[in-house]
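Please look through the sequence and the model shown below.

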Amino acid sequence: PLRLHEIAHAACLSESRLKQLFKETMGMSVMQYQRQIRHSHACCLLRTPQVPLSQVAHRIGYASYTGFARAFQAISGCSPREYRKHGGLPL
């Protein structure tokens, strides 16, 4: 996972300036954007039944399935298992 200070350093900006410019440009914070990208990638992986749920969590940067499932449910309103069961269709 990328750290904010690493992104700021690569862009030759301070962290606060990076946050400000990112929010102005993207309409969301860096962390919100990162969560959105991780969630989108998780959705793609969950549509592949051969990839175990624990591997989905690991591949998108979570140390445990539990943390991933909590974050996924907060965004999707369903668990990763439910999402997979219904083929990624809205419940």
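This is a predicted model: local features need pLDDT of at least 70, side-chain atom pairs count only at pLDDT 80 or more; totals for chains, interfaces and linings use all residues.

Residues are numbered from 1 along each chain as its sequence is written, and side-chain values use heavy atoms, with hydrogens and water left out.

Helices here are DSSP runs (H or I, at least four residues), numbered from the N terminus. The expected span is 1.5 Å times one less than the number of residues. Within α3, Val30, His39, Ala42, Cys43, Leu45 and Leu46 are buried, where buried means under 20% relative accessible area and exposed over 50%, with partly exposed in between (1.4 Å probe, protein chains only). These buried residues pack against α1 (4-10), α2 (15-26), α4, α5 and α6.

Helix α5 covers residues 65-76, twelve in number, and reaches 16 Å from its first C-alpha to its last, close to the 16 Å expected. Its buried residues are Gly67, Phe68, Ala69 and Phe72, and what covers them includes α3 (30-46), α4 (53-59) and α6 (80-85). After α5 comes Gly77, with a positive phi near 85 degrees.

How do the two helices meet? α3 and α5 pack at an angle of about 100 degrees, with their axes 11 Å apart. The angle makes α3 roughly perpendicular to α5, a term for angles of 65 to 115 degrees. On the α3 side, the contact (heavy atoms within 4.5 Å) is made by Arg35, His39, Ala42, Cys43 and Leu46, and on the α5 side by Phe68, Phe72, Ile75 and Ser76. One of these, His39, counts as buried because its relative accessibility is 15%. Leaving aside its neighbours within four places in sequence, His39 is in contact with Phe72, Ile75 and Ser76.

Which cysteine sulfur is closest to that of Cys43? It belongs to Cys44, and at 7.1 Å it is too far for a bond. A disulfide is a pair of cysteine sulfur atoms within 2.5 Å, and a search of the whole structure finds zero of them. Cys43 counts as buried because its relative accessibility is 7%, whereas Cys12, at 71%, counts as exposed.

Key. Axes are lines fitted to C-alpha atoms, for helices over the stretch in contact, and angles run from 0 to 180 degrees between N-to-C directions. Angles under 35 degrees count as roughly parallel, over 145 as roughly antiparallel, 65 to 115 as roughly perpendicular and the rest as oblique.
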